[in-house]
Amino acid sequence: MKEITNWAFGIIKTHKLSYNLVLFSLLFLLSPPFALGVDPQDTASLLLFKSHIHDPSDSLSSWDFAVNGSSTWTGFTASNRTGRVTALNITALNLSGTLHPSLCNLSFLETLVLSYNNFYGSIPLCFQLFRKLRILDLSHNMLTGVVPNTLVMLNQLTQLNLSHNMLSGTIPVWFGNFSTQLEKLDLGFNSFHGEVPNGLLYLMSLKYLDLSHNYLMGNLVEFRQALVYLNLESNWLSGTLPCFLSSADSMSVLNLANNSIVGGIPACISGLRGLTRLNLSHNAVRYRISPRLVFSEKLVVLDLSFNELLGNLPSGIIEKAERSGILLLDLSHNQFTGDIPASLTELKSLQALFLSHNLLTGEIPERIGNLTYLQVIDLSHNLLSGSIPLNIVGCFQLLALMLKNNNLSGEIQPELDALDSLKILDLSENQISGEIPLTLAGCKSLEVVDLSSNNLSGSLNDAISKWSNLKFLSLARNNFNGALPGWLFTFQAIRTLDLSSNKFSGYIPDVNFNTSLIFNNVDIGRATFGEPSVLEVSVIVHDKTELSFKYILPTANGIDLSDNLLRGEIPSGIFTLQGLEYLNLSYNFLDGQMPVSLGKMRSLKALDLSHNSLSGSIPENISNLGNLTILNLSYNSLSGVVPTRQGYGRFPGAFAGNPELCVELSGDGCRRQSVPVVAAGKSFAQDMEDGPILVWVFCVSSLVSFYGGIVALFCCSRTRNCILQTKT
């Protein structure tokens, strides 16, 4: 006991440690068993560090060996010879708290990994004591402040990862020379500003550099070392593209996306013979692509989207196309013209092809079916003509086929049922005619279907009812006719149902509307109504052979049956859908009264029942719908009094064209909602300019182009003239 006490006070004098630390050491030494061989000072430091963090899952309970006698510690390694802790790896354990300075007493650490936790606060200055440290990983936490200059003392580091935190300030200039062994530096997803330190350009040991998602600026310049990985995505870097000559034989990944790079793409970029991924998207790169820009068959990802590139699509951008391993080719959102070159169909390994938002003409290549591994085709927003080639069924693994906004014609071929893995089918805004083939019942994986703005006709057949996973269906602005089938409202996952501007007739089927899980759930997370709905399709390349597909559908939950020939009463079940955000039944021949159950639609933000023959009074509980921002009941046969206290004043023009309806005015009795008279010879636009008109414009977003495109808003006034607006 005397020897232990003397040792404790000796430690206090020599190392100037706190009494708390010594107390933990004494507790360890006086508690059996002492069988692990871990140095007492390191043991006490670990326990003190643990006492200052929150561990909700008790992931570090094995550290309490003094109580339970455990001989297994989570997350650290100690030297068998000295007993000193050499590695501490407690990643992804849901730990939180500040980084207590007691950690710094582990002076023999060579590896410190605290990533994927919830640590906050600043990086302790005392980390300079880790003189043997080779790997420091504090990524994916909530650390703030600047990088302390004391880290300059860590001259043995080979890897430093501070990414995915909230660190700020400039990148320290000494990063370029504090460790001549540094191979990996990752500062991505922080808030660093200023320029890239000049020293980093000449740090010859550096192989992996990630400075992405910061606020760095300045011109992009040559790096003088042989880099393998360079990611500068999402900064404010400018200038023209360098050739990266020093990395000609080593560079594998080059990501410069989302900056302000200008000029053309120099042909010397294809001199990076080991390049597997190149991402120059979201810049201001322009001009034609040089025919000398030919990448090696090692290239897996090529993304040049969202630039200002001109001319024809490159026909030989990959050498030895038949041996190419490319998985993703994205040339969308540029200004390419001409035909789609047939040589693209020789890229047999291709899994994702994005050519949307260009000025491409001609027909879809007949041999596109040769690309049997394709999962995503996006040719939308071009000037393509002709019909959809039947050969496309050779792409039997296809998950998304997006041909929106072209000049395609012909009919939907029955053979498309071979694409039984298809989840997204968007043929909208073309000139496709005919009926929906019954054989499409075989496409049972469909989740998003947009056939709007075509010349399709016929009645709705049972093929659609087989799409049990359907989330979005738009058949708007076609020539469909006949009665609405009862199964139309039975899809469990449906979020948007748009059959507007057709010739459907008969009654709205009175079925069980409680089938839809979305329409009946007020807690489902949704997009804000009125904002553009962008369905984003993206792919992630995991390695040289595997790609994953995902999409986001933030469209509002709603039903649009407007501008048809529907008649009869509105089924009361529709007005019990608590998750519905918009309902548009305008421009039909519906009659009957508005049900009291409408007050149950707690998520409702927009309701348009205008231009029908509805009668009776307006239910008082409509005014209690707190989310309702748009209401249009104009041009019906409603009657009674609408008192001021119900708060309908926030819906100007909502009751116009109901002669028997009195809207109470404050202190002035009530005013009849007669039909506004337009002077002879006046246009609707002139009437709008002359004074306020009690008219409401109802805008419903059509399904937007995939992969971030132009949103089409069809805004229909009471004159039933539609105005096409675009938003980028």
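## A walk through the model

Start by selecting Asp608, which lies in strand S44, residues 606–608; strands here are DSSP runs of E with at least two residues, helices are runs of H or I with at least four, and both are numbered from the N terminus. Before going on: this is a predicted model, with pLDDT of at least 70 needed for local features and 80 or more for side-chain atom pairs, while totals for chains, interfaces and linings use all residues. Residues are numbered from 1 along each chain as its sequence is written, and side-chain values use heavy atoms, with hydrogens and water left out.

Back to Asp608: its relative accessible area is 3%, so it is buried (under 20%; exposed is over 50% and partly exposed in between, with a 1.4 Å probe and protein chains only). Now show Ser610, whose side chain makes a polar contact with the side chain of Asp608 at 2.7 Å. A polar contact is a pair of N or O atoms within 3.5 Å; within protein, one must be able to donate a hydrogen and the other to accept it, and residues adjacent in sequence count only if both atoms are side-chain atoms.

Next stop, the largest nonpolar core. It has 171 residues, and Leu88 and Phe127 have the most contacts inside it. Such a core is a set of buried Ala, Val, Leu, Ile, Met, Phe, Trp, Tyr and Cys residues joined through side-chain atoms within 4.5 Å. Helix H3 (40–51), strand S2 (85–89) and strand S49 (658–665) each give two or more residues to this core, and H3 provides the largest share, three residues.

Zoom in on Phe127. Neighbours within four places in sequence aside, its contacts (heavy atoms within 4.5 Å) include Leu99, Cys104, Leu136 and Leu154. Another core, of 19 residues, lies apart; pick out Val301, Val376, Ile424 and Val537 among its members.

Now select H3. How many of its 12 residues are buried? The count is 11, including Pro40, Asp42, Phe49 and Lys50. From first C-alpha to last, H3 reaches 17 Å, close to the expected 16 Å, which is 1.5 Å times one less than its number of residues. At its start, look for a side-chain oxygen of Asp39 within 2.9 Å of the backbone nitrogen of Gln41.

Finish at the open sheet: eight strands, paired in parallel, in the order S3-S5-S7-S9-S11-S13-S15-S17. Strands S3 (96–98) and S17 (260–261) are the edges, each pairing on one side only. Strands pair if DSSP finds at least two bridges between them; S5 (118–121) and S7 (142–145) have two. Click Gly121 and you'll find its bridge partner, Leu143, in S7.
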